[in-house]
Amino acid sequence: MWSCLFGLVAWRLWKNRNLFIFQHISWTASEVVKVSSCWGRHYTYYVGDLFKGKQGSSLRANSEDNWVFLFTDGAVARDSGYAATGGVARDRVGNWIVGFNRFLGVCSPFEAEVWAILDGILILLSKGYKRVTIMTDNLEIAQILSDMDLEDSGITVIRRIIRILHSEGEWRIKHIPRNHNLAADRLAKLSLSWKSSLHVMDEAPKDILDLLQVDKMNSCFM
């Protein structure tokens, strides 16, 4: 919404003025707009979509035969150790529902994979989807999430995921080969370049259209 974006841009301009005066750091206009719009989408995801999901998509998403397929992946840059997540949700015939990615900073490949799953399930729940098959190319994570008695895991993100799987909706976990998960992998690697916070995409970026078709041919949506 314009009212949200206007406030974010105004705040970012004020912050940039302070950065320039006190630290001699200056942002370009395009950087200001990009970061502000990303924060705006982040806000809409956490607040606005909760209401939209209840009003419109929940009836469609909760039909008996409508399972959603969530493909997730993590990526870590070898030189810097920076990590990012990526994910794509698709319907029973492989059509795009929503995509996302997020820059995490420095963390392990395992943590990046787990964060990707958490982001994905929270986004789908906010949109009213509660029957989800989680598709991951990490066998260890697939085995951990299939064991629903691991709420005492020492990893906070895993505990949170398992609590959600216990309390909301219906979930299935499926391990897939890496070459069936190309679109999610590309989205994660794109986020390493963008270095933005959670970015939710209602339309597929042009960069991954070909990979979506390859994944669709390789994967079984049922």
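Which residues form a nonpolar patch on the surface? Hi everyone, let me start there: Phe20, Ile21 and Phe22 form it, with about 340 Å² of accessible area together. Patches here take residues with over 30% relative accessible area and no salt bridge, joining like charges within 9 Å and nonpolar side chains (Val, Leu, Ile, Met, Phe, Trp, Tyr) within 5 Å. Areas come from the Shrake-Rupley method with a 1.4 Å probe, and for residues only the protein chains shown count as cover.

A word on what you are looking at. This is a predicted model, so local features need pLDDT of at least 70 and side-chain atom pairs count only at pLDDT 80 or more, while totals for chains, interfaces and linings use all residues. Residues are numbered from 1 along each chain as its sequence is written, and side-chain values use heavy atoms, with hydrogens and water left out.

Phenylalanine 20 sits in helix H1, residues 2–23, and is partly exposed, at a relative accessible area of 44%. For the record, buried means under 20% relative accessible area, exposed means over 50%, and partly exposed is in between, with a 1.4 Å probe and protein chains only. Helices (H or I, at least four residues) and strands (E, at least two) are DSSP runs, numbered from the N terminus.

Now the overall picture. The protein chain has 7 helices and 6 strands, and along the sequence they follow the pattern α-α-β-β-β-α-β-α-α-β-α-β-α. Of its 222 residues, 48% count as buried. The chain exposes about 11900 Å², and carbon and sulfur atoms supply 57% of that. Among contacts between residues at least 6 apart in sequence, 72% join residues at least 24 apart; contact means heavy atoms within 4.5 Å.

Let's go inside. The largest nonpolar core has 30 residues, and Ile121, Leu124, Ile134, Ile161 and Trp171 touch the most other members. Such a core is a set of buried Ala, Val, Leu, Ile, Met, Phe, Trp, Tyr and Cys residues joined through side-chain atoms within 4.5 Å. Elements giving two or more residues to this core are E1, E3, helix H3 (109–126), strand E4 (131–136), helix H4 (139–146) and helix H5 (156–167). H3 gives the most, with 9 residues. Take leucine 124: leaving aside neighbours within four places in sequence, this residue is in contact with Val68, Leu70, Ala89, Val98, Tyr129 and Val132. Apart from that core lies another, of 9 residues, among them Val88, Leu190, Ile208 and Leu212.

Leu212 brings us to helix H7, residues 209–218, whose buried residues are Leu211, Leu212 and Asp215. Seen down the axis of H7, they fall within an arc of 105°, so they line one face of the helix; the arc is that of the directions from the helix axis to the C-beta atoms. Asp210 and Met217 are exposed on the other side of H7. The cover over the buried residues includes strand E2 (82–90), strand E3 (96–106) and helix H6 (182–194).

Next, strand E1, residues 68–76, where we find threonine 72. Threonine 72 is buried, with a relative accessible area of 0%. Its contacts, not counting residues up to four places away in sequence, include Gly86, Phe100, Met135 and Asn181.

On to charges. Side chains of opposite charge can pair when their charged atoms come close. How many salt bridges does a search of the whole structure find? The search finds 7, a salt bridge being a side-chain nitrogen of Lys or Arg within 4 Å of a carboxyl oxygen of Asp or Glu. In one of them, aspartate 73 meets arginine 178 at 3.9 Å, N to O. Aspartate 73 lies in strand E1 and arginine 178 in the loop between strand E5 (170–175) and H6, so the pair ties together parts 105 residues apart in sequence. Is aspartate 73 buried or exposed? Aspartate 73 is buried, with a relative accessible area of 0%.

Arginine 178 also meets aspartate 185, at 3.8 Å, N to O. Aspartate 185 counts as buried too, at 13% relative accessibility. Salt bridges that share partners join Asp73, Asp137, Arg178, Asp185 and Lys189 into one network.

Last stop: tryptophan 194, in helix H6. Tryptophan 194 counts as partly exposed at 28% relative accessibility, and is in contact with Lys34, Asn101 and His199, leaving aside neighbours within four places in sequence.
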